[in-house]
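Thanks for coming, everyone. I'll take you through one chain and its ligand. Have a look at the screen first.

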Amino acid sequence: MNITVLGCGALGQVWLSALLSQGHQVQGWLRVPQDTFVFNLVNLDGSKVQHRVQANSLSQLAQCDLLLVTLKAWQVSNAVKSLASHLRPTCPILLIHNGMGTQEELRQLQNPLLMGVTTHAARREGNQVIHVASGTTHIGPGNKQGEAWSEMADVLQAVLPDVAWHDTIRAACWRKLTVNCVINPLTALYDCPNGGLKAFPEHINAICSEVALVMEREGLHISQENLVSYVNQVIDNTAENISSMLQDVRIQRHTEIDYITGYLLQRGRAHGLSLPQNSQLYEQIKRKENDYERLGTDMPGSWN
Ligand SMILES: NC(=O)C1=CN([C@@H]2O[C@H](COP(=O)(O)OP(=O)(O)OC[C@H]3O[C@@H](n4cnc5c(N)ncnc54)[C@H](OP(=O)(O)O)[C@@H]3O)[C@@H](O)[C@H]2O)C=CC1
Ligand SMILES: CC(C)(CO)C(=O)C(=O)O
């Protein structure tokens with residue numbers, strides 16, 4: 001297949017490399033246009049590879065069979081909208097990111113839209129990306145046109161297993177959202193690795209009980225106990241991890257909080273629910289983010 005990967009960061013490079021190794025014709029799409037993109041990846045087994053791929057070719061974009069989007073949630077809508085008119089109308093667009101809300105932002109899209117969440121893990125270290133852990137990528141339709149694309153899961157399963165197709169992907173997205181509503185803001189707040197959250201069971205329970213309320217109203221029936229046990233399982237499995245939100249806060253980068261807790265609060269409001277624990281967490285993270293973003297724009301020279 002001919003595939004363009006939009007967002008060539010940690011996750012994007014893992015996919016680019018896996019797609020290349022399976023013989024797919026790929027290009028990267030970069031924020032700052034370049035003709036080629038060179039990257040270094042450390043595979044799960046510790047072996048290192050360097051790849052050089054084409055980048056930002058409009059003619060290749062116009063012929064592609066899949067646009068794979070591995071951007072941060074807040075980067076997705078604008079970037080996809082700016083590229084969609086260059087794609088064939090039948091070319092599917094697969095979004096893999098943490099958080100929710102982009103599906104709603106892309107409601108007007110004519111192309112088949114597929115949504116994905118993944119438990120693969122990769123991180124940038126210097127000039128290389130390390131594929132830290134293998135996992136499962138759950139994908140499913142994000143609009144009516146996407147419903148016919150279940151075979152995409154088979155293609156991608158051969159590239160970077162495991163890939164599972166869901167006729168209804170929303171439940172998987174909410175489960176991942178729950179994990180991110182707990183682990184991401186709490187680790188950013190307590191400045192600890194994921195495993196450090198074992199010390200805060202009440203806080204975890206309180207967050208999950210509010211998420212369960214919203215999920216119930218969204219038509220997804222799952223008990224608070226079930227959510228807590230799933231979140232604790234992820235905490236155990238990723239105990240050494242520094243969550244993506246804590247990483248963002250540490251390097252003063254915009255976080256995904258608006259698409260994680262922010263999305264939960266938005267859905268809560270739509271159902272007339274008050275979610276005090278999550279509202280407080282959201283405010284705390286936004287305060288941190290605003291502090292450094294305001295400082296950033298106040299830096300000398302920013303008016304030049
Ligand atoms: N990494 C992981 O292990 C996992 C990540 N996820 C989720 O996957 C998503 C991607 O994560 P990750 O790969 O870590 O993030 P990264 O920040 O590493 O990658 C995003 C990339 O997109 C680039 N980019 C930003 N805006 C544009 C644009 N308009 N056009 C083209 N490229 C652009 C960024 O470039 P620049 O930096 O120059 O702005 C960056 O290289 C996130 O939602 C994350 O939460 C989910 C599970 C695991
Ligand atoms: C699952 C978890 C919490 C792993 O760290 C993650 O998705 C993240 O850090 O964003």
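What share of the chain is helix, and what share strand, over residues 169-289? The answer is 69% helix and 0% strand. The end C-alpha atoms of that stretch are 30 Å apart. Keep in mind that this is a predicted model.

Over residues 3-143 the figures are 23% helix and 38% strand. Here the end C-alpha atoms are 20 Å apart.

Now the domain assignment. Domain 1 covers 2-167, and domain 2 covers 171-297. Their C-alpha centres lie 24 Å apart. The contact draws 11 residues from domain 1 and 12 residues from domain 2. On the domain 1 side, α3 (73-84) and β7 (113-118) each supply at least two residues. By class, that side of domain 1 has five nonpolar residues, five polar and one charged.

Next, the sheet. How many strands does the open sheet have, and in what order? There are 11 strands, with mixed pairing. Reading across, the order is β8-β9-β3-β4-β2-β1-β5-β6-β7-β10-β11. β8 and β11 (163-165) are the edge strands, each pairing on one side only. Neighbouring strands are turned by 30° against each other on average, ignoring direction.

Let's zoom in on one pair. Strand β5, residues 66-69, and strand β6, residues 93-96, run parallel. Three bridges join them. Val69 stands opposite Leu95 in β6.

Which strands does α3 lie across? They are β1 (2-6), β5 and β6. Relative to β5, α3 runs at about 160°.

Last stop, the ligand. Ligand 1 is surrounded by 26 residues. The closest are Gly7, Gly9, Leu11, His97 and Asn98. Which elements give two or more residues to this shell? They are α1 (10-21), α3 and β8 (121-125). By class, the shell holds 12 nonpolar, 10 polar and four charged residues.

Key: Residues are numbered from 1 along each chain as its sequence is written. Chains are lettered from A and ligands numbered from 1 in the order in which they are written. This is a predicted model: local features need pLDDT of at least 70, side-chain atom pairs count only at pLDDT 80 or more; totals for chains, interfaces and linings use all residues. Domain bounds come from an automatic or database domain assignment. Two residues are in contact if their C-beta atoms, placed from the backbone, lie within 7 Å. Helices (H or I, at least four residues) and strands (E, at least two) are DSSP runs, numbered from the N terminus. Ala, Val, Leu, Ile, Met, Phe, Trp, Tyr, Cys and Pro count as nonpolar, Asp, Glu, Lys and Arg as charged, and the others, Gly among them, as polar. A residue is near a molecule or strand if its C-beta atom, placed from the backbone, lies within 6 Å of it. Two strands pair if DSSP finds at least two bridges between them. Axes are lines fitted to C-alpha atoms, for helices over the stretch in contact, and angles run from 0 to 180 degrees between N-to-C directions.
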